[in-house]
Amino acid sequence: MFSNRCDAGRQLGEALRHESLVDPVIVGMWRGGIPVAAEVARVLEAPLDLCVVRKLHAPDDPATTIGAVAEHGAVYLDDAEIDHLALTPSEVDELIASELTAVASAGELLRVEAGHAPISLRGRDVVLVDDGMATAASACAAVRTIRKRDPHAILIATPLAAIDAVQSIRPAVSRVVSLLVEPMLCSIGSRYASFPPVSDGDIVVLLEDSRRRRANPATSRATAQDVRDLHLT
């Protein structure tokens, strides 16, 4: 059990200290992965970036995931689930188009509000962080868009994950690091004592703090606990 996302991120960051990372960039998955990623970035003294991802839900069953989309047009589809639900190509294309528009809008707005330009990933190790991985759909879409930015390697890091999700994503990345791996993971939030929603305002504060930390590490260290206490516990 983790106290909250900040606690999970600190533990995950300590675990990642043992990895041999090449000029790493920590990329948090929107929304819940970003507070975790911010703590990982602080522990590893690495820059923080974000990746906006949205799941694709079946038209008549919002609880069923049929894939995910990410920024820059990345799409991952669960073909077996789509066949099982007998969805037509036009139905799937309509879902994809709608969610890609939402993803692009959210990513642009967050970066403008935070004054945060995307960080170059070329030749660098990317640590892609989420607050939990019950399925691999979102991670698969995120990996596809990150790969377009020519990183040296991609590592998935998460406080907890389902075994099936780890096995699904492992061939697409260099390594998967998860503090807890469980046979089934029906509710990520059940493994946290406190698991509040993460707002875009919280994310803007974290991106701004990361930018200040890179510009002036001493000042950021003084304000880091204030950021955690105010927004994310």
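**The sheet and beyond**

Author: An open sheet of five strands runs in the order E2-E1-E6-E7-E8, with parallel pairing. Strands here are DSSP E runs of at least two residues, helices are H or I runs of at least four, both numbered from the N terminus. Two strands pair if DSSP finds at least two bridges between them.

Reader: Which strands stand at the edges?

Author: Strand E2 (48-51) and strand E8 (175-182). Each has a single partner strand, so one side of each is left without a neighbour in the sheet.

Reader: How are neighbouring strands turned against each other?

Author: By 20 degrees on average, direction ignored. Axes are lines fitted to C-alpha atoms, and angles run from 0 to 180 degrees between N-to-C directions.

Reader: How many bridges join E7 to E8?

Author: Seven, and the two strands run parallel. E7 covers residues 153-162. Thr158 has Ser178 in E8 as its bridge partner.

Reader: Before the details, what are the ground rules?

Author: This is a predicted model: local features need pLDDT of at least 70, side-chain atom pairs count only at pLDDT 80 or more, and totals for chains, interfaces and linings use all residues. Residues are numbered from 1 along each chain as its sequence is written, and side-chain values use heavy atoms, with hydrogens and water left out.

Reader: Which residues have a positive phi without being glycine?

Author: Asp23, at about 45 degrees, is one of them. Asp23 lies in the loop between helix H1 (5-16) and E1. Ala86 also has a positive phi, of about 55 degrees. Its loop links helix H3 (79-85) and helix H4 (89-114).

Reader: Is Ala86 buried or exposed?

Author: Exposed, at 59% relative accessibility. Asp23 is partly exposed, at 46%. Buried means under 20% relative accessible area, exposed over 50%, partly exposed in between (1.4 Å probe, protein chains only).

Reader: Switching to H5. How many of its residues are buried?

Author: Nine of eleven, in a helix spanning residues 137-147. Among them are Val143, Ile146 and Cys140.
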